[in-house]
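Colleague: Hi! Could you walk me through this model?

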Amino acid sequence: MSALDYLSSRILTHYRAIKEEFAPPRMMILYPTYACNGRCGYCEYKEDIGTYTMPWEMLEEVIRDAAAFGVESVELCGGGEPTMHPDFLLLCQLIVNSGMKLGVLTNGWGLAHTEDVAPFLAANASYVRVSLDAASHSTYKKVKGIDTFSIITEAIRWLTAMKADSCKISAKFLLTPDNYTEVVSMARLARGLGLDSAQFKEVRSTQGLSHQQHEIAKGLLELARSEVQGIRIIGDLSHPTMKEKCRLCKLHTIVDADGSVYLCCYFRHRKDSHCIGNVYEGPLPYIWGGLRHREAMENIVPEECNLFDCRFVEYHRIVDELIWKGAGQFEFL
């Protein structure tokens with residue numbers, strides 16, 4: 001992959017923040033709720049489903065603090081299904097009205113079940129990424145544990161038909177032993193739904209692909225790229241590894257539904273070492289760059305990071321080559 005490839009090169013726009021010790025995070029990832037209608041077999045949050053939902057008063061405080069601190073964008077995801085928060089649309093409106101960009105990761109529930117959600121996101125969100133994980137009704141039911149494939153795909157068609165040019169709509173396909181043979185069909189489905197892109201990743205857990213399945217999926221993904229034109233296909237199923245402690249997680253922050261603030265979204269199995277504070281104890285600017293934050297970054301274990309499909313691994317390669325080693329010569333125009 002070229003160091004200047006699309007999306008990966010976006011890290012270069014963080015040039016000044018990368019060189020600073022602790023600039024305000026540009027992006028905040030927010031889990032508003034652990035409510036979820038899905039029953040995905042690979043879900044790492046199964047034990048937490050239904051446990052936490054952040055009340056509106058705290059959501060409002062978090063968003064206002066983030067905007068005042070200089071955060072430029074908020075991604076709503078989970079954990080649970082963000083559109084199932086009772087104040088989801090109000091939260092989206094607050095984010096946009098606060099001057100921040102909005103992104104949403106969803107299984108599509110709110111698009112199909114709440115009348116005003118899709119029109120608002122189509123007009124105001126920077127991106128909406130829908131977790132589909134299948135190209136057929138039967139596979140969707142097997143992987144997601146629910147029988148809503150037709151409802152969700154129709155809701156996506158509705159969303160893409162009304163979206164503003166500034167809003168990018170995509171699908172995410174997480175590959176498991178139950179769905180990996182549908183890669184080409186998934187790409188065709190995404191194109192047929194009018195999506196801007198389709199993202200492919202592999203489940204990295206006991207639910208993951210065998211070596212043989214992995215190789216078959218890689219071949220099908222290359223076939224999809226050659227056969228399915230008119231849509232951007234993202235992902236190559238490679239497993240790059242981090243060889244040093246992550247120094248780029250300071251560019252964003254994540255706030256969980258219980259108020260906990262973590263180094264990154266891959267905190268699920270290392271909550272104690274990755275937690276840097278809680279918004280119930282103090283605002284984000286109070287937490288950011290504090291002693292607990294510095295200790296958490298110092299205690300990062302790269303081998304643990306390599307258990308996940310973390311985009312910061314590739315970001316590190318690009319930043320090391322072009323910024324830390326100076327090959328990009330960004331001091332000049």
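Modeller: Happy to. One term to begin with: a crossing is left-handed if the near helix is turned anticlockwise from the far one by less than a right angle, and right-handed if clockwise. This is a predicted model, where local features need pLDDT of at least 70, side-chain atom pairs count only at pLDDT 80 or more, and totals for chains, interfaces and linings use all residues. Residues are numbered from 1 along each chain as its sequence is written, and side-chain values use heavy atoms, without hydrogens and water.

Colleague: Which hand does the crossing of α5 and α7 have?

Modeller: Right-handed. Helices here are DSSP runs of H or I with at least four residues, and strands are runs of E with at least two, numbered from the N terminus.

Colleague: And at what angle do the axes of α5 and α7 cross?

Modeller: Roughly 40°, with the axes of α5 (residues 117–124) and α7 (residues 149–162) coming within 9 Å. Axes are lines fitted to C-alpha atoms, for helices over the stretch in contact, and angles run from 0 to 180 degrees between N-to-C directions.

Colleague: Which residues of α5 and α7 make the contact?

Modeller: A118, P119 and A122 of α5 meet W158, L159 and M162 of α7, contact being heavy atoms within 4.5 Å.

Colleague: Switching topic, what's the strand order in the open sheet?

Modeller: The 10 strands go β7-β6-β5-β4-β3-β2-β1-β8-β9-β10, with mixed pairing. Two strands pair if DSSP finds at least two bridges between them. At the edges are β7 (232–234) and β10 (275–278), each pairing on one side only.

Colleague: How many bridges join β1 to β2?

Modeller: Four, and the two strands run parallel. L30 stands opposite L76 in β2.
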